[in-house]
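Dear colleague,

I am passing on the structure below, and after it come the points that I found in it. Please read them alongside the coordinates.

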Amino acid sequence: MANQSQNGYADLEKQMLILHDHEEKHFMSSEIVRDVILGVSDGLTVPFALAAGLSGADVSSSIILIAGIAEVAAGAISMGLGGYLAAKSEADHYMKELKREQDEIIAVPDTEAAEVAEILSQYGAEPHEYGPVVNALRRNPQAWLDFMMKFELGLEKPDPMRAVQSAMTIAFSYIIGGLVPLVPYMLIPIATRAVVASVILTIVALMIFGFAKGHFTGTQPFKSALQTAFIGAIASAAAYSIAKLFQAYHH
């Protein structure tokens with residue numbers, strides 16, 4: 001009987017470790033996917049619209065290529081810095097709330113314990129069921145603090161390297177996406193021909209990216225592919241049309 005009990009506890013601990021690993025991997029992968037989507041979507045769209053707009057102004061492929069590469073470099077730095085600051089702000093917010101919650105557990109433990117009971121009751125637990133849980137948490141201040149951060153405030157402890165990883169992922173993704181519409185201008189010296197190839201290549205890339213984005217985010221892949229390509233096409237068409245209008249006005 002004792003062996004069965006020990007085996008039961010061992011199995012339970014093993015299941016908890018497996019669940020923790022699964023949640024951690026799922027959480028980290030979702031963060032990375034979000035950063036890649038942000039970087040690639042902007043990288044494909046902004047340089048694409050810029051190149052199309054400059055093509056509408058009848059400039060050479062070399063000038064478009066120089067301007068495009070400059071934009072990709074500036075955009076990657078800007079987007080990466082934005083990702084870094086966003087992740088850093090999340091980490092700072094978490095630490096601020098952690099300190100506040102820690103102070104409240106020390107200053108007003110009964111109030112915090114009542115909040116634990118209220119949270120558990122919202123999940124259908126009865127007083128005789130959540131009472132031992134509340135008492136167990138009160139005996140373990142660190143676990144109590146973790147519980148309040150997750151279930152009262154809905155905050156996950158951020159990875160210390162999250163800000164740097166986010167900046168690097170977004171910047172690298174932006175560069176990869178941004179170079180796609182510029183490839184034709186590297187190979188075709190006449191801008192009016194290069195823009196056609198750029199449009200075709202980028203629309204295909206946007207559809208592939210949209211399909212992949214839909215697959216990873218759980219939405220309809222084909223619908224996501226069409227929406228992503230449509231947004232890119234609208235942006236480039238608008239930039240090209242505005243350049244043509246300005247050119248006609250000045251002439």
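**Fold and surface**

The protein chain of this predicted model has nine helices and zero strands, where helices (H or I, at least four residues) and strands (E, at least two) are DSSP runs numbered from the N terminus. Local features need pLDDT of at least 70 and side-chain atom pairs count only at pLDDT 80 or more, while totals for chains, interfaces and linings use all residues. Residues are numbered from 1 along each chain as its sequence is written, and side-chain values use heavy atoms, with hydrogens and water left out.

Of the 251 residues in the protein chain, 33% are buried, which is to say under 20% relative accessible area, with exposed meaning over 50% and partly exposed in between (1.4 Å probe, protein chains only). Among contacts (heavy atoms within 4.5 Å) with a separation of 6 or more, 73% join residues 24 or more positions apart. The accessible surface of the protein chain is about 15,500 Å², and carbon and sulfur atoms hold 67% of that surface; the areas come from the Shrake-Rupley method with a 1.4 Å probe, and for residues only the protein chains shown count as cover.

**A nonpolar patch**

Ile 69, Ile 175, Leu 179, Val 183, Met 186, Leu 187 and Leu 201 make up a nonpolar patch on the surface, with about 570 Å² of accessible area together. Two or more residues of the nonpolar patch come from each of α6 (162-179) and α7 (183-187), and α7 gives the most, with three residues. Patch members have over 30% relative accessible area and no salt bridge, like charges being joined within 9 Å and nonpolar side chains (Val, Leu, Ile, Met, Phe, Trp, Tyr) within 5 Å; a salt bridge is a side-chain nitrogen of Lys or Arg within 4 Å of a carboxyl oxygen of Asp or Glu. Ile 175 lies in helix α6 and counts as partly exposed because its relative accessibility is 33%.

With kind regards
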